[in-house]
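Q: Please take a close look at one part of this model. I would like to know how it is built and what lies around it.

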Amino acid sequence: MNKQIAKNGMLGTLIGRKMLMGITGMFLILFLVVHCAVNALIFVNDGGELFNKGAEFMGTNILIRIVEVVLFVGILVHIVDGIMLERLNRQKRTVPYVSHNPQANSKWYSRWMGLLGILILMFLIVHLKHFWVLSRFTDHIAHSEMDKLPGQETLFYEMKEVFENPAVVLIYVLAMIGLSYHLMHGFQSAFQTMGWNHPKYTPCIKQAGFWFSIIVPFVFALMPIAMYTGIIK
Amino acid sequence: MKFNLKIWRQKNASTPGKIVDYSIDNINEHMSFLEMMDVLNEQLIHKGEPPVAYDHDCREGICGMCSMHINGRPHGPLAATTTCQLYMRNFKDGETIYIEPFRANSFPVIRDLVVDRSAFDRIMQAGGFVSVNTGSVQDANNIPVNKQHADLAMDAAACIGCGACVAACKNSSASLFVSAKISQLALLPQGQVEAKERVLAMVNQMDEEGFGSCTNTGACEAECPKEISISNIARMNREYYIASLT
């Protein structure tokens with residue numbers, strides 16, 4: 001039928017590049033579940049004892065540390081591939097429409113995934129600086145109140161300190177709204193890109209994606225709010 | 001009925017175009033959009049001005065020739081409608097109507113509202129067919145076809161290749177068109193023989209023609225005059241992964 005079929009490898013075509021977005025997106029969704037579950041331990045409201053234990057496990061378990069490396073590769077691929085695809089797609093219509101009515105046929109957040117992604121990336125940099133750098137690359141974090149060395153604090157204490165600043169709380173809440181819309185499209189879109197579309201299961205996936213993109217960012221946003229308002233002591 | 005028309009005029013592919021204002025009166029509400037354009041063109045010819053070039057053929061919604069981006073949407077404001085099946089009663093008297101060509105770099109403007117959609121032809125030539133190399137026609141019932149698959153194949157085959165999906169997509173992606181053409185064959189036993197080669201060849205050609213990637217906004221499905229489902233795009237992706245990995 002065609003001799004040049006094998007010319008492009010799978011990642012040489014746009015569908016292949018989108019598959020990368022789908023796979024990494026799904027992996028990041030799984031990460032959000034774990035991250036949200038561990039952090040939700042602060043709502044036990046035991047002065048952070050259980051949360052610190054969870055943080056210690058996540059920071060010391062060898063399997064988790066390996067997955068952490070995979071996670072960073074996944075995030076990087078998702079970001080770089082996403083930006084490259086967005087740039088390519090923007091070059092496909094150089095003369096724009098004079099009159100354009102895209103809201104008639106699609107949701108705004110499905111059209112602005114790139115921008116939402118950039119906002120989440122900006123938040124991610126701030127967020128990593130707040131907690132991840134501190135707990136992985138410095139000796140500043142103690143595993144519990146008990147074995148605190150001089151000059152050390154627990155991660156729970158650090159959270160409380162960071163979220164004393166109302167501007168930080170606002171940034172975190174706004175970022176979670178952005179994440180919510182990114183997931184609102186991204187969750188079901190990843191399944192579609194992977195080719196998993198079925199009359200029986202696609203409506204379930206869409207429902208699950210809707211609730212996931214509301215519940216997970218909501219629980220995340222509650223954390224800085226609860227700490228700032230003093231609900232969590 | 002009276003209308004203010006803002007129509008894209010462009011002499012040829014290499015000359016930049018611009019919106020030109022026209023006013024038109026005494027339009028019958030039962031006229032189709034194309035008939036209204038005919039009335040305008042007749043008036044322009046009488047005035048000695050060049051008529052507005054636009055594509056049309058069957059005027060009954062099955063050929064896929066008519067295009068036009070009307071008030072910001074391919075084929076105008078109605079769902080599941082080609083421009084030739086759009087009637088002036090769907091607009092308000094005195095309304096201002098923007099009329100532009102389908103826009104995508106892969107669909108270069110030839111003149112005014114006429115665009116070159118031959119990229120679609122080249123994608124079809126790459127693999128959108130079933131090879132029948134010998135023999136006479138087989139008895140139709142020799143090959144059993146699952147009813148559900150036959151229906152889905154028929155739905156996909158309803159694609160008239162008008163290019164509204166490309167025009168509506170923010171990425172100018174041709175995924176809906178290509179996936180419909182792949183699906184109509186992949187779903188049937190006759191199409192299975194060349195399924196792998198077909199999807200690889202057509203997807204490669206789609207990229208080579210310069211169409212963008214699919215970001216699943218669903219704009220194509222919403223604007224498609226034949227209501228082709230984006231489940232076909234998922235099927236194309238599936239077919240593509242299987243063909244690439246096996």
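**A helix and its setting**

A: The C-alpha centres of domain 1 of chain B and domain 2 of chain B lie 29 Å apart. The model is predicted: local features need pLDDT of at least 70, side-chain atom pairs count only at pLDDT 80 or more, and totals for chains, interfaces and linings use all residues. Residues are numbered from 1 along each chain as its sequence is written, while chains are lettered from A and ligands numbered from 1 in the order in which they are written.

Domain 1 of chain B covers 3-111 and domain 2 covers 118-245; such bounds come from an automatic or database domain assignment. Between them, 18 residues of domain 1 of chain B are in contact with 16 residues of domain 2 of chain B. Contact here requires C-beta atoms, placed from the backbone, within 7 Å. The domain 1 side holds seven nonpolar, nine polar and two charged residues. Ala, Val, Leu, Ile, Met, Phe, Trp, Tyr, Cys and Pro count as nonpolar, Asp, Glu, Lys and Arg as charged, and the others, Gly among them, as polar.

Now the helix. Helix α1 of chain B takes in residues 33-46. Helices (H or I, at least four residues) and strands (E, at least two) are DSSP runs, numbered from the N terminus. The expected span is 1.5 Å times one less than the number of residues.

F33(B), M36(B), M37(B) and L40(B) are buried in α1(B). Buried means 20 or more other C-beta atoms within 10 Å of the residue's own; exposed means 12 or fewer, and partly exposed lies in between, with C-beta atoms placed from the backbone. Down the axis of α1(B), the buried residues fall within an arc of 100 degrees, so they line one face of the helix. That arc is taken from the directions from the helix axis to the C-beta atoms. An α-helix has 3.6 residues a turn, so residues three or four places apart point the same way.

What does the buried side meet? The buried residues of α1(B) pack against β1 (3-9) and β2 (18-24) of chain B. On the face turned away from that side sit the exposed residues E42(B), I45(B) and H46(B). After α1(B) comes G48(B), with a positive phi near 85 degrees.

Chain B also meets chain A: the contact takes 39 residues from chain A and 44 residues from chain B.

How values were computed:
Two residues are in contact if their C-beta atoms, placed from the backbone, lie within 7 Å.
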